[in-house]
Amino acid sequence: MMKANSVLRGKIYRLLQFIVAACVFIIPFIKTSNGNSLFRFDIPTLHLYAFNQTVDFASFFSAFIAILLLVFLFIFTTQLLGRVWCGWLCPQSFFAIRIEKYAKKFKNKTIRYIAELVFAALFALILTTIWMMYFVSPYDFIETLKNSHIMVVIGIVLFLFIFVDFAFVRFKWCKYVCPYSKFQVVMTDDDTLYVGMIPGKESQCLDCKACLRVCPTHIDPRKNPDADCIYCETCVTACNKVFQKKENTNGILGYVWGKQDKLNFKRPNLIVTFIVSLALLFVLVYQIVSTSEPVVVNFANNVKSLGNGVYTCDVEIKNNLEKPIRVKFVNPDNLAEIKPEMIRVFIQSTKTETLTINTLGNIPNGKLVLAVYYSRHGHPLTYEINLK
C-alpha cells in the first residue's frame with residue numbers, strides 16, 4: 001500500500017510535518033483551566049504542566065524513570081521504524097530542508113547565500129523563542145528576560161548554536177554529529193524499516209542518478225540500507241518524477257520492511273524493549289499517582305491594581321486529600337495583608353477565589369512572596385506574585 005500510494009504518502013509526509021511544527025509553536029500559548037500552559041516544564045519549581053495536570057519532578061526517582069522511559073521508547077521506535085524521526089519530525093531536518101528549498105529560488109549565488117543566512121537567522125530566532133517558552137511561561141517571557149540575565153545568556157547561546165547549525169552545518173549534523181545517527185547502527189536489524197531500492201526492482205533502474213543529486217546527505221539511496229539516510233523521501237520524490245515522465249508509473253525507491261520486506265514483530269530485541277518500556281511506564285504512573293501533591297495552588301496571571309497599593313488576583317486551589325482543608329495565605333515579610341486570609345476547600349475538590357492584596361510597604365522588584373499553609377505540621381508552599 002505504501003509503495004502503490006507513494007505520491008499520496010509524500011503529501012501526507014509534508015502535511016504531517018507542518019501540523020507537528022504548528023503544534024510545537026502553539027502549545028506553549030494554550031492555557032488550561034488552571035492558568036498554566038497545555039504542556040510546559042517549569043524549571044524553577046520542577047513541575048511538569050501537562051493537559052491540566054501538575055506533575056512534581058522534584059523527586060529524583062520520578063525524573064530518572066521518566067528519562068529511562070523516553071530512552072527506551074526512542075530505542076523501540078528506532079528498532080521498528082529506523083530513522084523515521086529524522087525525516088518526518090526532527091526540527092533539524094525540517095528547517096534545513098526549507099532553508100535550502102526557499103534559498104534555491106534565487107538564481108544568483110551571492111543572493112542565494114545571503115538568503116540562506118537570513119532564513120537561518122529567522123528560523124533560529126523562532127526556535128530559540130519557542131523552546132525557551134517550554135520552560136518559561138510565554139505570558140511572563142518578556143518580563144523574565146528583563147529580570148533574569150541568566151535567561152538572556154541562555155537565549156543568546158541557544159540562538160547562536162542554532163544559527164551556526166542552520167547556516168553552515170545543516171545536513172552535515174545529521175551525517176557526522178548527531179548521536180542518534182551513531183546509535184542507529186546498533187539499534188536496527190535486518191527487519192527495520194528503511195528507505196531504498198524496492199526488492200525485485202533493481203533491474204528497472206534507469207541510472208539517471210536523480211536520487212543521488214537531490215539527497216541532502218549525499219548517499220546512494222539505491223544501496224540498501226544506508227545508516228546516513230534520514231528518511232526525508234527526497235530521493236523517492238525525484239525517482240517518482242523520472243518514472244512518471246518516462247514510464248508513467250511510480251519509481252523504484254520507497255519504504256522497505258528490512259531485507260525480507262515484511263513487517264515482523266516477533267523479534268527478541270523489539271519484544272524486550274517493548275516490555276521494558278511498558279514496565280517503566282507502569283512504574284512512572286504509579287510513582288506520580290502515589291506521590292502526587294496533596295494540595296496544588298495556581299495563581300492566575302490576572303493581577304489588577306485598584307490603586308493605593310491594593311491589588312486583586314484569582315487563585316485556584318485543588319485539594320487531593322481525603323479530608324477538607326483550610327488554606328491560609330501569609331506574606332512572611334509582613335509587607336502585605338491578604339483577604340480572605342483563610343479559604344476552605346472540600347475533599348477532592350477544586351475552588352477558585354479572588355484574593356485582595358493590601359501592600360503595607362515597598363515590594364522589592366514588584367514581586368510579592370506568599371507562603372501558603374494547608375497543614376499545621378507541614379511546611380508551607382511558597383509562591384511569588386508579580387504586582388507590576
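The chain has a mean pLDDT of 83, and 91% of its residues reach 70 or more. The model is predicted.

**Confidence**
- Strand β3, residues 53-56, has the lowest confidence in the chain, with a mean of 64.
- Helix α5, residues 109-132, has the highest, at 92.

**Cavities**
- The structure holds three cavities of 30 Å³ or more.
- The largest cavity contains about 100 Å³ of space.
- The volume of the second largest cavity is about 80 Å³.

**Lining of the largest cavity**
- The run Cys-205, Leu-206, Asp-207, Cys-208, Lys-209, Ala-210 and Cys-211 is part of the lining.
- Arg-222, Cys-239, Phe-243, Ile-252 and Leu-253 also line the largest cavity.
- Two elements, α10 (210-214) and α11 (234-246), each give two or more residues to this lining.
- Sorted by class, the lining of the largest cavity has nine nonpolar residues, three charged residues and no polar ones.
- Asp-207, Lys-209 and Arg-222 are among the lining residues, and Asp, Lys and Arg count as charged.

**Lining of the second largest cavity**
- The second largest cavity is lined by 13 residues.
- Cys-215, Pro-216, Cys-229, Cys-232 and Cys-235 are the lining residues closest to the centre of this cavity.
- By class, the lining of the second largest cavity divides into 10 nonpolar, two polar and one charged.

Terms used
Residues are numbered from 1 along each chain as its sequence is written. This is a predicted model: local features need pLDDT of at least 70, side-chain atom pairs count only at pLDDT 80 or more; totals for chains, interfaces and linings use all residues. Side-chain values use heavy atoms; hydrogens and water are left out. On a 1 Å grid over the protein atoms alone, a cavity is a set of points where a 1.4 Å probe fits but cannot get out, and a pocket is an open set with protein on both sides within 12 Å along at least five of seven lines; lining residues have an atom within 4 Å of a point. Grid points are joined across faces, edges and corners, and a volume is the space filled by probe spheres set on the points. Helices (H or I, at least four residues) and strands (E, at least two) are DSSP runs, numbered from the N terminus. pLDDT is the predictor's confidence in each residue, from 0 to 100.
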